[in-house]
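Hi,

Here is the structure I promised to pass on. Have a look at it first, and then read my notes below.

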Amino acid sequence: MRLRIFTEPQQGADYDTLLAVAKAAEDLSYDAFFRSDHYLKMGDTDGLPGPTDAWITLAGLARETSRIRLGTLMTAATFRHPGPLAISVAQVDRMSGGRVEFGFGAGWYEAEHAAYGIPFPASARERFDRYEEQLDVITGLWSTPVGETFRYEGRHYRLAEGPALPKPMQAPRPPVLIGGTGLKRTPRLAAAHADEYNVPFCSVEDTAAAFGRTRDAVAASGRSEPMVYSAAQVLCCGRNDAEVARRAEAIGREVDELKANGLAGTPDEIVEKIGRYAEIGAERIYLQVLDLSDLDHLELVASKVAPQVG
């Protein structure tokens, strides 16, 4: 089981804070540092100093880290045109020496689109139609051999004969992550395009069901490449009950609720629950860390949890 750190900067974090977390995660031998891709806070927080852009952040981290992998859960298809997005991700991959992973979703948070004047398709069907075409375009641009051109004729996106440059450092492309719990379309798109399928913030039982649907879609597609299965869970670890309660209070959550809906408790309790995700086929766990000032939290998990699950 690989442990990855997952942050939510829209809740209030500047670049220097994210850099400190990413460097700590690297020093503590976590597998990856991921961040969300949002432009507006959620819930009862001021979100200060304001949003940071996911790919600008990762470009900076690409030059200020050396080993840890870097990615998004999930870049929103509604935020960017697919051609420029393919260029940005490929450039950051090269800047990092080939450490980028591309988590990509359809987009869902309508309020942030209204807040920053970003068009938001009215129906979920149109969002997924656009998302599917973007997957075709981005992976098509990356896979076009150097010296050849890429052309695409879709309903929503049309690309003329273009050079399909730059290429990512990783060949044939950075790993693509698709996530969610959709019953039909998400598993089909994951089978067609993804290297990793992620289920966020679900129980073991619901995660197992989502994994099963995607495994069925992979089999039905005739795909031969392996799929990595992963889960994301909020983290609240403490050496004792008092420390768990303190960390829960710091992120505005209740201990009992976190134990039911996340990874909360002592290191041994968290190891036990991670083991349940491993039993259903999860190979990676994304630890959603909400208090980015608490670097001791990362050290505790790295020293007391990681050795038991790695």
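How far is the sulfur of C237 from the closest cysteine sulfur? Keep in mind that this is a predicted model. The closest sulfur belongs to C236, and the distance is 8.0 Å, which is too far for a bond. A disulfide here would need the two sulfur atoms within 2.5 Å. C237 itself counts as buried, because its relative accessibility is 0%.

Searching the whole structure turns up zero disulfides.

Next, helix α8, which takes in residues 241-250. Which of its residues are buried? They are E243, V244, R247 and A248. These four lie on the same side of α8, because the arc they cover around the axis is only 135°. What do they pack against? The buried residues of α8 are in contact with β10 (228-237), α9 (255-261), β11 (263-265) and α11 (295-304). On the face turned away from that buried side you will find D241, A242, E249 and A250, which are exposed.

Both ends of α8 have something to look at. At the start, N240 places a side-chain oxygen within 3.2 Å of the backbone nitrogen of A242. After the helix comes G252, with a positive phi near 70°.

Now to the strands. β6 (residues 150-153) and β7 pair in the antiparallel sense, over three bridges. The two strands form a hairpin, and four residues sit between them. If you want a place to start looking, F150 stands opposite G162 in β7.

Most residues other than glycine have a negative phi, and most peptide bonds are trans. Where does the loop depart from that? A cis peptide bond joins L165 and P166, with omega about 0°. Another cis peptide bond joins A171 and P172, and there omega is about 5°. A164, also in the loop between β7 and β8, has a positive phi near 55° although the residue is not a glycine. Is A164 buried or exposed? A164 counts as buried, because its relative accessible area is 7%.

While A164 is buried, S29 counts as exposed, because its relative accessibility is 58%.

To sum up, here is what I would open on screen:

- the α8 helix, with E243, V244, R247 and A248 buried and D241, A242, E249 and A250 exposed on the face turned away;
- the cis bonds, L165 to P166 and A171 to P172;

Best wishes

Conventions:
Residues are numbered from 1 along each chain as its sequence is written. This is a predicted model: local features need pLDDT of at least 70, side-chain atom pairs count only at pLDDT 80 or more; totals for chains, interfaces and linings use all residues. Side-chain values use heavy atoms; hydrogens and water are left out. Buried means under 20% relative accessible area, exposed over 50%, partly exposed in between (1.4 Å probe, protein chains only). The arc is that of the directions from the helix axis to the C-beta atoms. Contact means heavy atoms within 4.5 Å. A polar contact is a pair of N or O atoms within 3.5 Å; within protein, one must be able to donate a hydrogen and the other to accept it, and residues adjacent in sequence count only if both atoms are side-chain atoms. Two strands pair if DSSP finds at least two bridges between them.
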